[in-house]
Amino acid sequence: MIINYPTKHTILSSPVTFRKGAIRILQTWYKANKKHTYNQNKQLLHNLAKFYKTSISVFNTPTKNGDCYIPKQKMICLSGDSLITALHEFAHHLYGPSETTACRWSIWLFKKAFPESYNKLTFKRHMLVRKQFYAKKTHSCQYDDTPTTTG
Ligand SMILES: [Zn+2]
């Protein structure tokens, strides 16, 4: 399946506004956690789900292309400990299959909550990556409409 990801320009062209309090949830969560692993990201997504009055289940899928959202089961699969990826998949839960919407929502939320960290990142195609990891391979997420998991 070919996915059309947005360009950096499309992602950043206009700011995304968030429900009042959403940014604070990220900031409070960040301060409360020294490590930021899969488990902490899962906790954050559950905090956000409560805030957005919705429910999700989150699973660790440590495989190549393991990041996905499966709408039928409201299931978010995360292959690693990337916060922006976790937010991206949560955006699919809130707003559906649009990659532009998911990229814009996750990147702007990160940018507004952690402006200093954001400045340490760089774009690689539609993704924000740590500058020192620029040469590393990228991944793409799967918006999977079939009832089985990917992996
Ligand atoms: Zn996506």
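I began with strand 2 (residues 68–70), which runs antiparallel to strand 3 and is joined to it by three bridges. Two strands count as paired if DSSP finds at least two bridges between them. Within this pair, C68 has C77 of strand 3 as its bridge partner. I note that strands of a sheet pair through backbone hydrogen bonds, either parallel or antiparallel.

The model is predicted, so I kept to its limits: local features need pLDDT of at least 70, side-chain atom pairs count only at pLDDT 80 or more, and totals for chains, interfaces and linings use all residues. I number residues from 1 along each chain as its sequence is written.

**Entry: whole chain**

I counted six helices and six strands; these are DSSP runs numbered from the N terminus, helices being H or I of at least four residues and strands E of at least two. The order along the sequence is α-α-α-β-β-β-α-α-α-β-β-β. Of the 151 residues, 30% count as buried. A residue is buried if 20 or more other C-beta atoms lie within 10 Å of its own, exposed if 12 or fewer, and partly exposed in between, with C-beta atoms placed from the backbone.

I traced an open sheet of four strands in the order 1-3-2-6, with mixed pairing. Strand 1 and strand 6 (142–143) are at the edges with a single partner strand each, so one side of each has no neighbour in the sheet. Helix 4 packs on the sheet and touches strand 2, strand 3 and strand 6. Its direction makes about 160° with that of strand 3; axes are lines fitted to C-alpha atoms, for helices over the stretch in contact, and angles run from 0 to 180 degrees between N-to-C directions.

I then looked at strand 4 (residues 121–124), which pairs with strand 5 in the antiparallel sense over four bridges. K124 stands opposite M127 of strand 5. Two residues lie between these strands in the hairpin, where R125 takes a positive phi near 50°.

**Entry: helix 3**

I checked the length of helix 3 (residues 38–51): at 1.5 Å a residue its 14 residues should span 20 Å, and the end C-alpha atoms are 20 Å apart, which agrees. The expected span is 1.5 Å times one less than the number of residues. N41, L44, L45 and L48 are its buried residues. K53 follows helix 3 and has a positive phi near 50°.

**Entry: C141**

I found C141 in the loop between strand 5 (127–130) and strand 6. C141 is buried, with 25 other C-beta atoms within 10 Å. Beyond its neighbours within four places in sequence, its contacts are D67, C68, T85, H88 and E89. Two residues are in contact if their C-beta atoms, placed from the backbone, lie within 7 Å.

**Entry: core**

I listed the largest nonpolar core, which has 28 residues; L45, I76, A86, L87, F90 and L109 touch the most other members. Such a core is a set of buried Ala, Val, Leu, Ile, Met, Phe, Trp, Tyr and Cys residues joined through C-beta atoms within 7 Å. Helix 5 (99–113) is among the elements supplying at least two residues, and helix 5 gives the most, with eight. L109 is in contact with F18, A22, I23, L26 and L87, leaving aside neighbours within four places in sequence.
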